[in-house]
Amino acid sequence: MKKINLLLFLLSAAFFTSCGSIKSTLKNVDNTAIKPSIRNNQFILTEFATDDFYGYDKDYPINLGFENEKYSPKNILFFFNALEGPNGEKISYEKIDSCCPFPTKKSIMGAGTLEIYQITIDGLNKKIILYINIYEKGKVLCPKGFRIKKIL
């Protein structure tokens, strides 16, 4: 399955970069953003998103591209380990898809895609979708509907 996803990504990247017409729609990239500190396998988050779009909209993804893309699984783990449900519930997450190709100089292919994660909050039937960008930097915030987990 991973090989198929990689092949599809490479074909998409080649198609879009060869066309030259692909433009980024990302609105919250910040190349001056600093990677959050890490303690006990979680980011130390201190701020909450003030808008409803952060993480929930493909144009306002959670930007975790602080190192080479091969380190992205750790950054994703650190990010989700820093969150809990609105009343302190445990969360679980699963990558369900990729979408939305965009040009980037931080990928060897010259293009990146967003990763789509489905989050489940213990005790709630609702499933939440968040968009993660592993290529570009941005201020890492706690999305609306979540709480910052206390560091043990």
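In this report, Ala, Val, Leu, Ile, Met, Phe, Trp, Tyr, Cys and Pro count as nonpolar, Asp, Glu, Lys and Arg as charged, and the others, Gly among them, as polar. The model is predicted, with local features needing pLDDT of at least 70 and side-chain atom pairs counting only at pLDDT 80 or more, while totals for chains, interfaces and linings use all residues. Residues are numbered from 1 along each chain as its sequence is written, and side-chain values use heavy atoms, with hydrogens and water left out.

## Overall layout

Welcome to the protein as a whole. Two helices and eight strands make up its list of elements (DSSP runs numbered from the N terminus, helices being H or I with at least four residues and strands E with at least two). Along the sequence they come in the order α-β-β-β-α-β-β-β-β-β.

The protein has 152 residues, and 39% of them count as buried (buried is under 20% relative accessible area, exposed is over 50%, and partly exposed lies in between, with a 1.4 Å probe and protein chains only). Of the contacts between residues at least 6 apart in sequence, 71% join residues at least 24 apart, where contact means heavy atoms within 4.5 Å.

## A pocket to look for

The second largest pocket holds about 160 Å³ of space. Pockets are found on a 1 Å grid over the protein atoms alone, as open sets of points with protein on both sides within 12 Å along at least five of seven lines, a 1.4 Å probe being used; lining residues have an atom within 4 Å of a point. Grid points are joined across faces, edges and corners, and the volume is the space filled by probe spheres set on them. Seven nonpolar, three polar and two charged residues line this pocket. Among them are Ala33, Ile34 and Pro36, as well as Glu47, Lys139 and Leu141.

## The cysteines

The structure holds one disulfide, a pair of cysteine sulfur atoms within 2.5 Å. Cys99 and Cys100 form it, with their sulfur atoms 2.2 Å apart. The angle about the S-S bond is -75°, and the link of Cys99 and Cys100 is left-handed. Cys99 counts as buried because its relative accessibility is 17%, whereas Cys100, at 24%, counts as partly exposed. Cys142 is buried, with a relative accessible area of 1%.

## Residues in loops

| Residue | Relative accessible area | Class |
|---|---|---|
| Lys23 | 66% | exposed |
| Asn40 | 52% | exposed |
| Asn41 | 46% | partly exposed |

Lys23 sits in the loop between α1 (2–19) and β1 (38–39). Its C-alpha is 8.9 Å from that of Pro101, although Lys23 and Pro101 are 78 residues apart in sequence.

Asn40 belongs to the loop between β1 and β2 (42–43), and Asn41 is found in the loop between β1 and β2 as well. Phi is positive in Asn40, near 50°, in a residue other than glycine. Asn41 also has a positive phi, near 60°.

Ser107 lies in the loop between β5 (91–103) and β6 (111–121). Ser107 is buried, because its relative accessible area is 9%. Apart from neighbours within four places in sequence, Ser107 is in contact with Glu69 and Tyr135.
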